Amino acid sequence: MSKPLKQIHLAAHFPGVNNTTVWSAPEAGSHIEFSSFAHFARTAERAKFDFLFLAEGLRLREQGGKIYDLDVVGRPDTFTVLTALAAVTQHLGLTGTINSTFNEPYEVARQFASLDHLSDGRAAWNVVTSWDAFTGENFRRGGFLPQDERYSRAKEFLATANELFDSWHGDEIIADQDTGTFLRDAKAGAFVHQGRHFDIEGQFNVPRSPQGRPVIFQAGDSEEGREFAAAGADAIFSRYATLKDGQAFYTDVKGRLARYGRTPDQLLILPAATFVLGDTDAEAEELAREVRRQQVSGATAIKHLEFVWNRDLSAYDPDGPLPDIDPDLGEHTVARGRAQVRMYRDPLATAREWRERAAANNWSIRDLVIETGNRQAFVGSPATVAATIDDFVQADASDGFILVPHITPGGLDAFADTVVPLLQERGVFRTEYEGTTLRDHLGLAHPDSRTSADADVDAADDIGERGERVAS
């Protein structure tokens, strides 16, 4: 007996401030003006997507001590954009990336509970940590936390925020005009949290929101990140774009859930995916090559090489051979605060491998960066892309995808108009929204404030113990 078809979850990532976004293309729009965000969100909602996703950076990126301006520089605040989008959409989920290293649980809980109210239950929080002192300089505490401490704080941050969300049960407001009684319980919102990172007590001043809690996303791929997601997240982002790697990640993370009393359907796995569409597969392949060269200019290629070499390579010709000097193994000062730096644990080995590949293929610096960088996940005609997405999901390599177009704000339009109808014809994607909240869209239960708090404490304790074992 064949298993039933899985329903695909689709989301739209407003492209971030990185070289995925071809901001210089004639059809590209603003990353500041609200009309761009509104166009993008309306397209996603027209296509019946689950949610829109916004990333966030807390400091402008620099390279060589100067603002890195080859990509988009600066964006409006996440909460402000999502709240404005709540007014121009009706069904689309609104997911924001908010840092747990430099914020406070009470403030973040108030913001997400408010967004959930104003959107009628469509808020989601991508919980992230910050790893570098460079970003920390923007904040009062400054500095940074080592990885185990970052996750320790993040776990307690999320547990504390959940206590605040659950401090209201949803039945306290009676607003009886005859008696003049507004609250059934004068202790509504009362909370006490005493922990290693947070020691707070008071009354939370935002009543329980439509979802109870925002949907929780997590994006870490480390051992600690996977455990964090298994313990308390509703969805986890994945970077695995091949079927085999996707299946391995899917099996690993879903296999961790039972330790926390959870079932596989309580955590969705959603890789980010870029795409290029054409009338034919051959046309799409040619367009994809053009897009990659737009994304990786000569100047961009040199900057990317500096991530590994940790040297100023501006004197090198991007259309020439790789440097014959070795990377500087000292403190990384050329690209401070760039996440890409952490990808190359052994710069000497990476440089050696890249030189060998470049020599074997007669690649220039720019060719190498194009060929070794992230490629488009889905390239082909609409029929090919629809079939490939469906194959991934049915083969348990993911539960869906977060699509990242290379053009803002119109880069999602063709996908909505050509690929989505084919997925609907296959019976694997909705033709109408069936619920009102983001939890409804994702097939997730609404938490009960009276029973979920104890489970959160148990999970936080368990993951804390596991995290210490992993770290040792």
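Biologist: Over how many bridges do strand 1 and strand 16 pair?

Modeller: Happy to start there, keeping in mind that this is a predicted model. Strand 1 covers residues 9–13, and Leu 10 stands opposite Phe 401 in strand 16. The two strands run in the parallel sense, and the number of bridges between them is four.

Biologist: Thanks! Which residue is the bridge partner of Ala 272 in strand 16?

Modeller: Strand 16 also pairs with strand 13, residues 268–273, in the parallel sense over two bridges. In that pairing, the residue of strand 16 that partners Ala 272 is Ile 402.

Biologist: Are the residues on the two faces of strand 16 buried or exposed?

Modeller: Take strand 16, residues 400–403, one side at a time. Gly 400 and Ile 402 are on one side, with Phe 401 and Leu 403 on the other. Both faces are covered, and these four residues are all buried.

Biologist: Nice. What closed arrangement do the eight strands 1-2-5-6-11-12-13-16 form?

Modeller: The strands in that order have parallel pairing, and the twist averages 30° from one strand to the next. One of the pairs is strand 5 (residues 93–99) with strand 6 (residues 123–128), joined over six bridges. There, Gly 96 has Trp 125 as its bridge partner in strand 6.

Biologist: At about what angle does helix 6 run to strand 11?

Modeller: Helix 6, residues 223–232, lies across strand 6, strand 11 and strand 12. Its angle to strand 11, residues 215–218, is about 165°.

Biologist: Is helix 1 oblique or roughly parallel to helix 2?

Modeller: Helix 1 (residues 34–46) and helix 2 (residues 78–86) have axes 10 Å apart and pack at an angle of about 55°. Angles from 65 to 115 degrees would be roughly perpendicular and those under 35 roughly parallel. The angle of about 55° therefore makes helix 1, relative to helix 2, oblique.

Biologist: How many nonpolar residues are there in the contact of helix 1 with helix 2?

Modeller: Helix 1 passes helix 2 in a right-handed crossing. Helix 1 brings Phe 34, Phe 37, Ala 38 and Ala 41 to the contact, and helix 2 brings Val 81, Ala 84 and Leu 85. No polar and no charged residues take part, and the nonpolar ones number seven.

Biologist: And how many charged residues has the contact of helix 1 with helix 13?

Modeller: Helix 13, residues 413–425, packs against helix 1 at an angle of about 5°, with axes 9 Å apart. That makes the two helices roughly parallel. His 39, Thr 43 and Arg 46 of helix 1 meet Asp 413, Ala 416 and Asp 417 of helix 13. By class there are one nonpolar and two polar residues, and the charged ones number three.

Biologist: Why does Leu 368 count as buried?

Modeller: Leu 368 has its place in helix 11, residues 365–372. It touches Leu 305, Leu 322, Trp 354, Ala 358 and Trp 363, leaving out residues up to four places away in sequence. Buried means under 20% relative accessible area. Leu 368 is buried because its relative accessible area is 0%.

Biologist: Last one: what is the relative accessible area of Ala 358?

Modeller: Ala 358 lies in helix 10, residues 347–361. Leaving out residues up to four places away in sequence, Ala 358 touches Leu 322, Trp 363 and Leu 368. Ala 358 is buried, with a relative accessible area of 7%.

How values were computed
Residues are numbered from 1 along each chain as its sequence is written. This is a predicted model: local features need pLDDT of at least 70, side-chain atom pairs count only at pLDDT 80 or more; totals for chains, interfaces and linings use all residues. Side-chain values use heavy atoms; hydrogens and water are left out. Axes are lines fitted to C-alpha atoms, for helices over the stretch in contact, and angles run from 0 to 180 degrees between N-to-C directions. Angles under 35 degrees count as roughly parallel, over 145 as roughly antiparallel, 65 to 115 as roughly perpendicular and the rest as oblique. A crossing is left-handed if the near helix is turned anticlockwise from the far one by less than a right angle, and right-handed if clockwise. Contact means heavy atoms within 4.5 Å. Ala, Val, Leu, Ile, Met, Phe, Trp, Tyr, Cys and Pro count as nonpolar, Asp, Glu, Lys and Arg as charged, and the others, Gly among them, as polar. Buried means under 20% relative accessible area, exposed over 50%, partly exposed in between (1.4 Å probe, protein chains only). Two strands pair if DSSP finds at least two bridges between them.
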